[in-house]
Amino acid sequence: MPDLKRTQLYDVHVAAGATMVDFGGWEMPIEYPTKIVAEHLYTRHACSLFDVSHMGRILVEGPEMVPFLQHVLSSNVMALDLNQAQYAIIPNENGGAVDDAYLYRFEEDRYLLVVNAANTDKDLVHLNEQIKNYDAKMTVITGDWAAIAVQGPKAKEILQVLSGGEAVTEPMKNALNTLQFEGRTVRVAKTGYTGEPIGYEVYIESAEAAWLWNRLIELGAKPAGLGARDTCRLEACLPLYGHEMGDDPEGKEIPVFAVPLAKFAVSFSEQKGDFIGREPLAKQYEAFKRIQNRDFSDLTELPRKVMPITLLDKGVMRAGMPVYKGDKLIGYTTSGTMVPYYRHEGEGLSTVILEETAKRSIGLAIVDSDTLEDDEVQVDVRGKRLKAVIPPYHMRVDAPPFARPILYRPDEEAAAPASGDRGPKALELIGRAIENHVWRQEKCVNLIPSEMSPSRAVRLLCASDPSFRYAEHKKVKSFYDADVFYYQGTEFIDEVEQLLVEEMKAFMGCAEVETRCVSGQMSNTCVFSALMDWKNRLNRKQDPKRLGYIMNNHIIKGGHLSAQPMGALHDYIAIDPVTERHALVNFPVLKDNIYKIDVEETKKAIDQYRPEFIIFGKSMVLHKEPVAAIRKYVDDMGLQTTIMYDMAHVLGLIGDYFQKPFQEGAEIVTGSTHKTFFGPQRGIVGVNYHKGELKYGLWETIETRAFPGSVSNHHLGTQLGLLMAAYEMNQFKDEYQKAVVSNAKSFAKSLKAAGLDVAGDPANDYTETHQVIVSVGYGTGPDVAMRLERNNIICNYQATPEEEGFTASGALRMGVNEMTRFGFGPAEFDKLAQIMADCILRGKEVKEDIEALRAGYTEMKYCFTEEQVASALNELAKKSGI
Amino acid sequence: MNFPTELKYTKDHEWIKDLGGDTALVGITDFAQSELGDLVFINLPQEGDEVTADESFCDVESVKAVSDVMSPCTGVVEEVHSELEDEPQMLNEDPYGAWIVKVKDISAYGELLSAEEYEAFVQK
């Protein structure tokens, strides 16, 4: 094939027996002797290599590189942090696409723009025309650096062999990193065009390209050609220029917003100024929003949009086939073929991917914008009208490490509501509750760190009379801040609540406590809502401003939902107008211990973002939070930052053996009362603001956000139980806290000695809390946790900071708190560690060993066990009919 | 590449095996399957359909494209190899075993090549 360009890997492809074709002026492998179907399937279950060195790679640098890129790309370049990549369109003046592209920022002062091979020359003409107006320059480095896409569930472990175990990139999509692969510098991006949730693109100097390719094959990857790349991207519904972008089958230019991904790739931030295509794109965007709201009154700007399509009749769709709804031509297929997949069985987390494969006939189509999901359509396949449907998608990637094919199936009809005699059902329910109670309380070893069995006293009190009552109350200034109750019959609970407040103040070491929140997450919501209200208190005549910047622990690094924008921060966090993202900055963590905050890097982040609110605390917590160091830094800087410590997990550890948050400088502590604390399931807020201080007003706002802001009925029964728990804690905390921390350290060391991979800092005996984290292998966490459950060991699987999400988790999170309370000491935890190693490492069934171990420890410790208390409880049980 | 000598071939890359008494089996050649790549779908004719020499009677689809299969003879479809509908990859795995149709009442043939001639033809 004369005049065709060849990539750095041409010889490697030919040697492997690839079928070479002309692709955009490049001589590229369409398939290897393995052929497309096998290559597609190998990508989905293992790992494939794709030579993507033909794609245009343009380095952009110079003082005005950002304004230039803002002008020629659709995306907001200011949103791109170092070591991040973003998808972008290169728009033309009409709101169509010159090309689509990926922008990478591997270095502070340079951007790498990657464009389609076939469009590179056209793109360069367009971009060169524009760059004249900017003090910036472009250098084409397509020939200098090769690019290899390494895609599939095994990609990460293969690349980690080359990196010597170092994390290849952060686990999030679009993360970048520069590192060494066996002594060679590589740039790695967590990006790709196969839809794989575990996919990377690796850039390496041309001379080393063949070395890397061959090394990856030695490690178990297999080559895949452009054919499999196309079937993979089609299954993932990723657009291909020339099919879903550019001109449609009628020869009309496809508007950018016709492609669903455009929503993420186009920004109208002020930062972008008058970028190319801004005006028509803004009109398309207005039309897009109307269409999404099913207002089809004006489709002129966006008459058609790209949607997935699945053939229901037998056959195969190809690009350009007419699509009809009834008799009306509504558009054309833009891509289509028969795509293979692995069958699966089982449901939810128990879904098993089988070895058996099948094929399905899927495609993408550009159809009238009033077409809806689940619409039945017909495709004209060479003269025959075949039945087809518009599915929501062909594949999902939110259960990594596997991309999951989604087969079209119409909603099943809901089962008819049950009818008949409920008596037998009532009896069955009671029987099953007994079974469950005995199993969890007497036969299982519970290691879930966020759980605690309360004492008999706490449980009985929770079930006694106040649990059916209301006691709304509010401080009234006219009565010198006396609490006024709205209902009668509440004198007892009023007294209980006051006693509880005093006990909790003493325990937490602070000036004020709010006990009405019924969960830890509600406590956080109360505080966030109060902070926002407080911020806006002097101007109520406009929409309140949200909070930002906020600094917290990233969810993937142990942070909890209750301090994330997707959780309790949702309605309170601002959007940064420059980056168009949440005004959130995460604590940097230490490289050699990802469970610990990096204080020096945190100080730099505080300098840069000057956060108005810092939230310490997390749900995967092995170490103390550096409250004192950050408090001092914030004060030295003269910042007005509010510092909160969400101690949900470690509330019961406040004291000499862990941390004293208020002494270290936290202003607000929230928590849940049933993890390391002894209570029933509730939440708590404590603050160290005193009357007369400015921020005492914030405290008063927190109170009003509890009631009437969050609860009308604050669950009086469990509040009564919590008072007993607070008595128990204040009485026994010294022995209990000491035992929890030393048991956790001892358990961690025993697990390590038994051959398990224990996370955390060995210098601290792996943990300073009640938690122990064990790595069991990437993606195997759910399986191991389920095996342990079958053997009566209850713990939870957890994604580590290097993993993509819960289905990819490779760790177990365990807490010693509940078993410590049932009397386990170092000897029992050592025995438990041996049994767990047998079960995890050697697949041994250990249910009987666990039941035998547990049988000796069913009596609750660290609570009042005197004869007098016991008989009073019997009386309470009798009188309350429990 | 395999070219069994007991078969006759067309320039459109079909094979025909004479079963005697005006009946024959028809399929696609090893060369054809290799060029097409992974076959993922076949659109079969029905029993009793009339087929005409050098006209399409069936189409096969690979991941990449669709191709017509031309009939080497004129006659009537006596039997269809319906297993291929679920497993079109049999055409890749065993092109000379995976016959597509059995044709009866053959009244005419198109241009047919011997194994030797066909091999020379594809190697051009």
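Predicted model: local features only at pLDDT ≥ 70, side-chain atom pairs only at ≥ 80, totals over all residues.
Analyst: Residues are numbered from 1 along each chain as its sequence is written, and chains are lettered from A and ligands numbered from 1 in the order in which they are written.

User: What makes up chain B in terms of helices and strands?

Analyst: Helices (H or I, at least four residues) and strands (E, at least two) are DSSP runs, numbered from the N terminus. On that basis chain B holds four helices and nine strands, in the order β-β-β-α-β-β-β-β-β-α-α-β-α from the N terminus.

User: Why is chain B called as compact as a globular protein of its length?

Analyst: The radius of gyration is taken over C-alpha atoms, and the globule rule is 2.2 Å times the number of residues to the power 0.38. For 124 residues the rule gives 14 Å, and the value for chain B is 13 Å, close to it, so chain B is as compact as a globular protein of that length. Along the principal axes, its C-alpha atoms fill a box of roughly 35 × 35 × 20 Å.

User: How do you know which residues of chain B touch chain A, and how many are they?

Analyst: Two residues are in contact if their C-beta atoms, placed from the backbone, lie within 7 Å. By this criterion, nine residues of chain B are in contact with twelve residues of chain A. Strand S4 (residues 39-43) of chain B gives the most to the chain B side, with three residues. That side divides into four nonpolar, two polar and three charged residues, where Ala, Val, Leu, Ile, Met, Phe, Trp, Tyr, Cys and Pro count as nonpolar, Asp, Glu, Lys and Arg as charged, and the others, Gly among them, as polar.

User: Why is helix H2 of chain A called mostly covered?

Analyst: A residue is buried if 20 or more other C-beta atoms lie within 10 Å of its own, exposed if 12 or fewer, and partly exposed in between, with C-beta atoms placed from the backbone. Eight of the ten residues of H2(A) (residues 36-45) are buried, including Ile36(A), Glu39(A) and Arg44(A).

User: Where does H2(A) stand in the contact between domain 1 and domain 2 of chain A?

Analyst: Domain bounds come from an automatic or database domain assignment, which places domain 1 of chain A at 10-235 and domain 2 at 303-405, among others. The contact takes 13 residues from domain 1 of chain A and 17 residues from domain 2 of chain A. H2(A) gives the largest share of the domain 1 side, five residues.

User: What makes S10 and S13 of chain A edge strands?

Analyst: Two strands pair if DSSP finds at least two bridges between them. The open sheet has the order S10-S11-S12-S9-S3-S13 (chain A), with mixed pairing. Strand S10 (176-181) and strand S13 (222-223) of chain A each pair on one side only, and are therefore its edge strands.

User: How do you know that S11 and S12 of chain A pair?

Analyst: Four bridges join strand S11 (residues 184-189) and strand S12 (residues 199-205) of chain A in the antiparallel sense. Within this pairing, Tyr203(A) is the bridge partner of Arg187(A).
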